[in-house]
Amino acid sequence: MAFADHLTQQRRTGGIPNLITDALNRMPDGEADAARALLASDLSDGQVAQAFTDEGYPVKWGSVRNWRLTNRIGRFQ
C-alpha cells in the first residue's frame with residue numbers, strides 16, 4: 001500500500017468490543033450468570049480478571065474496570 005492510499009482509506013470508527021462482553025457472549029448461560037455475579041461482587045478488578053483468566057477467558061484488570069464503568073456495576077453505580 002502506498003502512502004497516498006492511506007489518505008483515502010476509510011477509518012474504523014466502531015471501536016473494539018470489550019473482552020468481558022466477548023467472554024460473556026461465548027460462555028454457556030449458567031457460567032455467564034456466575035461471571036456476572038462475580039463482576040458485581042466486591043472483588044477488585046485484578047481479582048476478577050484473574051478469575052476470568054483462570055477459567056480460560058484471558059482478560060486484564062482494565063477490561064474489568066471498563067466493563068464495570070460502562071454497565072454501572074459495583075462502586076460505579
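Which residue's side chain meets that of Asp22 in a salt bridge? Keep that question in mind while you set up the view, because the answer rests on a cut-off: a salt bridge is a side-chain nitrogen of Lys or Arg within 4 Å of a carboxyl oxygen of Asp or Glu.

**Before you select anything**

The model is predicted, so local features need pLDDT of at least 70 and side-chain atom pairs count only at pLDDT 80 or more, while totals for chains, interfaces and linings use all residues. Residues are numbered from 1 along each chain as its sequence is written, and side-chain values use heavy atoms, with hydrogens and water left out.

**The whole chain**

Show the protein as a cartoon, and you will find five helices and zero strands, running α-α-α-α-α from the N terminus on. Helices (H or I, at least four residues) and strands (E, at least two) are here DSSP runs, numbered from the N terminus. Switch to a surface, and the accessible area comes to about 5800 Å², with 52% of it belonging to carbon and sulfur atoms; such areas come from the Shrake-Rupley method with a 1.4 Å probe, and for residues only the protein chains shown count as cover. Of the 77 residues, 25% count as buried, where buried means under 20% relative accessible area, exposed means over 50%, and partly exposed lies in between (1.4 Å probe, protein chains only). Among contacts (heavy atoms within 4.5 Å) between residues at least 6 apart in sequence, 48% join residues at least 24 apart.

**The core**

Next select Ile20, Leu24, Met27, Leu39, Phe52, Val59 and Val64, which have the most contacts inside the largest nonpolar core, a group of 14 residues. Helix H2 (19–26), helix H3 (29–40), helix H4 (45–54) and helix H5 (61–71) each give two or more residues to this core. The term stands for a set of buried Ala, Val, Leu, Ile, Met, Phe, Trp, Tyr and Cys residues joined through side-chain atoms within 4.5 Å. In soluble globular proteins, nonpolar side chains tend to be buried together. Centre the view on Leu24, and, leaving aside its neighbours within four places in sequence, you will see Leu24 in contact with Ala32, Ala35, Arg36, Leu39 and Trp67.

**Helix H4 and the glycine after it**

Now select Asp45, Val48, Ala49 and Phe52, the buried residues of H4. They cover an arc of only 100 degrees around the axis, which puts them on the same side of H4; the arc is that of the directions from the helix axis to the C-beta atoms. These buried residues of H4 pack against H2, H3 and H5. Follow the chain onward from H4 to Gly56, where phi is positive, near 100 degrees.

**The salt bridges**

To settle the opening question, show the side chains of Asp22 and Arg26, which meet at 3.5 Å, N to O. Both residues lie in helix H2, four residues apart, about one turn of the helix; Asp22 is partly exposed at 36% relative accessibility, and Arg26 is exposed at 51%. An α-helix has 3.6 residues a turn, so residues three or four places apart point the same way.

Move to helix H3, where Asp33 and Arg36 lie three residues apart and form a salt bridge with their closest N and O atoms 3.7 Å apart. Arg36 counts as partly exposed, at 39% relative accessibility.

Then select Arg68 and Asp45, whose side chains meet in a salt bridge at 2.6 Å, N to O. Arg68 lies in helix H5 and Asp45 in helix H4, so the pair ties together parts that are 23 residues apart in sequence. Both Arg68 and Asp45 are buried.

Select Asn18 in the loop between helix H1 (3–8) and H2. Its side chain reaches the backbone oxygen of Ser63 at 3.2 Å, a polar contact, that is, a pair of N or O atoms within 3.5 Å, of which, within protein, one must be able to donate a hydrogen and the other to accept it, and residues adjacent in sequence count only if both atoms are side-chain atoms. Not counting residues up to four places away in sequence, Asn18 touches Ser63, Asn66 and Trp67.

Go on to Asn71 in helix H5, where the side chain of Asn71 reaches the backbone oxygen of Trp67 at 2.8 Å. Asn71 is partly exposed, with a relative accessible area of 36%.

Finish at Arg72, in the segment after H5, where phi is near 50 degrees, a positive value in a residue other than glycine. Arg72 counts as exposed, at 58% relative accessibility.
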